[in-house]
Amino acid sequence: MPPEIRVEGLSVWYDRHHALKQVSLEVAPGEVLALIGPSGCGKSTFLRTLNRLLEEGGRARISGRVFLGDADIYDAAADIPDLRRRVGMVFQAPNPFPFSIFDNVAYGPRLQGVTDRQALRRIVERSLQQAALWDEVRGKLRRSALTLSGGQQQRLCIARALAVEPEVLLMDEPTASLDPMSTTKIEELVAALRGRYTIVMVTHNLRQAARISDRTAFFAEGTLIEVGPTRQMFTAPLDPRTEQYLTGRYES
């Protein structure tokens with residue numbers, strides 16, 4: 001089976017700052033890949049290249065190629081709205097729209113032209129079930145999403161991303177602002193989604209990476225230092241810099 005994502009020689013500059021340096025990496029369909037490394041090492045920058053979100057600010061200069069399946073997403077003919085549907089994004093801080101719970105999840109399908117009320121309800125219910133939130137909100141769909149707890153809001157954002165049936169889900173430290181109980185629920189959710197979606201997740205929590213990822217990629221100073229099966233990375237890393245980071249001895 002070909003890789004879901006293939007990155008070849010990817011480099012990113014912010015003005016004169018060389019943020020990513022010749023990164024090449026493959027992500028298999030259905031796997032969970034954790035991105036780890038010290039702050040400022042390029043993890044989030046890399047994540048945002050995978051759905052071209054990095055271009056939104058207008059500051060980044062990008063070279064290299066990123067394939068989703070067989071298509072180069074940086075090709076001039078690439079359909080950006082379709083790319084954003086196929087590659088969903090969940091951010092560090094929950095960012096529900098100031099709408100009802102129902103309208104948050106239905107937002108993407110409506111943009112795609114789904115107007116039938118029953119079809120929308122089926123999509124909303126399915127997405128909330130996938131995000132392990134349905135049982136908590138099934139009688140409250142008309143309430144504002146902003147009334148939910150932080151952990152519930154983050155799962156709602158995941159449901160919103162899943163509603164358009166993406167192939168890939170990008171997560172940028174999705175539990176960083178959550179309490180331990182909410183963090184556990186998100187980790188259980190990621191485990192439940194494994195295999196159905198390809199998930200690439202930035203995390204500073206090494207134990208979290210060890211618990212939920214199939215493979216781990218270690219970044220430092222804009223460079224991909226090492227990538228491999230998580231168990232191997234955490235027990236017998238190949239690069240001494242990886243071992244230094246995992247044991248708290250890494251100095252950038």
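Biologist: Which residues of helix 3 are buried?
Modeller: In this predicted model, the buried residues of helix 3 are Ile101, Phe102, Asn104, Val105, Ala106, Gly108 and Pro109.

Biologist: And what do those residues pack against?
Modeller: The buried residues of helix 3 pack against helix 4, helix 5 and helix 6.

Biologist: What follows helix 3?
Modeller: Glycine 113 follows helix 3, and the phi of this glycine is positive, near 100°.

Biologist: Let us turn to helix 4. How many residues does helix 4 have, and how far does it reach?
Modeller: Helix 4 covers residues 117-130, which is 14 residues. From its first C-alpha to its last, helix 4 reaches 20 Å, close to the 20 Å expected at 1.5 Å a residue.

Biologist: Which of its residues are buried?
Modeller: Ala119, Leu120, Ile123, Val124, Ser127, Leu128 and Gln130 are the buried residues of helix 4. They cover an arc of only 160° around the axis, so they lie on the same side of helix 4.

Biologist: Why can residues three or four places apart point the same way?
Modeller: An α-helix has 3.6 residues a turn, so residues three or four places apart point the same way.

Biologist: What covers the buried residues of helix 4?
Modeller: The cover includes helix 3 (101-111), helix 5 (134-137), helix 6 (150-162) and helix 7 (180-193).

Biologist: Which residue caps the N-terminal end of helix 4?
Modeller: That residue is aspartate 116, with a side-chain oxygen 3.2 Å from the backbone nitrogen of glutamine 118. Just after helix 4, alanine 132 takes a positive phi of about 55°.

Biologist: What does glutamine 154 touch?
Modeller: Leaving out residues up to four places away in sequence, glutamine 154 touches Val90, Phe91, Gln92, Ala93, Pro94, Pro174, Leu178 and Ile186.

Biologist: How many Å separate the C-alpha atoms of glutamate 187 and leucine 120?
Modeller: Those C-alpha atoms are separated by 27 Å, and the two residues are 67 residues apart along the chain.

Biologist: In which sense do strand 3 and strand 8 pair?
Modeller: Strand 3 (residues 32-36) and strand 8 pair in the parallel sense, over 4 bridges. Leucine 33 has valine 200 of strand 8 as its bridge partner, and valine 32 has isoleucine 199.

Biologist: What about strand 9?
Modeller: Strand 9 (residues 215-220) and strand 3 also pair in the parallel sense over 4 bridges. Here isoleucine 36 has phenylalanine 218 as its bridge partner.

Biologist: Which way do the residues of strand 8 point?
Modeller: Thr198, Val200 and Val202 point one way, and Ile199 and Met201 the other way; all are buried.

Biologist: How many bridges join strand 7 to strand 8?
Modeller: There are 5 bridges between strand 7 (residues 168-172) and strand 8, and the two strands run parallel. The chain crosses from strand 7 through helix 7 to strand 8, and this β-α-β crossover is right-handed.

Biologist: One last topic: what is the strand order of the open sheet of 4 strands?
Modeller: Its order is 2-1-4-5, with antiparallel pairing. Strand 2 (17-27) and strand 5 (71-72) are the edge strands, each pairing on one side only. Strand 1 (residues 5-14) pairs with strand 2 over 7 bridges, and leucine 10 has valine 23 of strand 2 as its bridge partner.

Definitions and conventions:
Residues numbered from 1 in each chain as written. Predicted model: local features only at pLDDT ≥ 70, side-chain atom pairs only at ≥ 80, totals over all residues. Heavy atoms only, no water. Pairing = 2+ DSSP bridges. Expected span 1.5 Å × (residues − 1). Buried < 20%, exposed > 50% of the residue type's maximum accessible area, 1.4 Å probe, protein only. Arc of directions from axis to C-beta. Contact = heavy atoms within 4.5 Å. Polar contact = N/O pair within 3.5 Å; in protein donor to acceptor, adjacent residues only side chain to side chain. Right-handed = clockwise from strand over helix to strand, strands pointing away.
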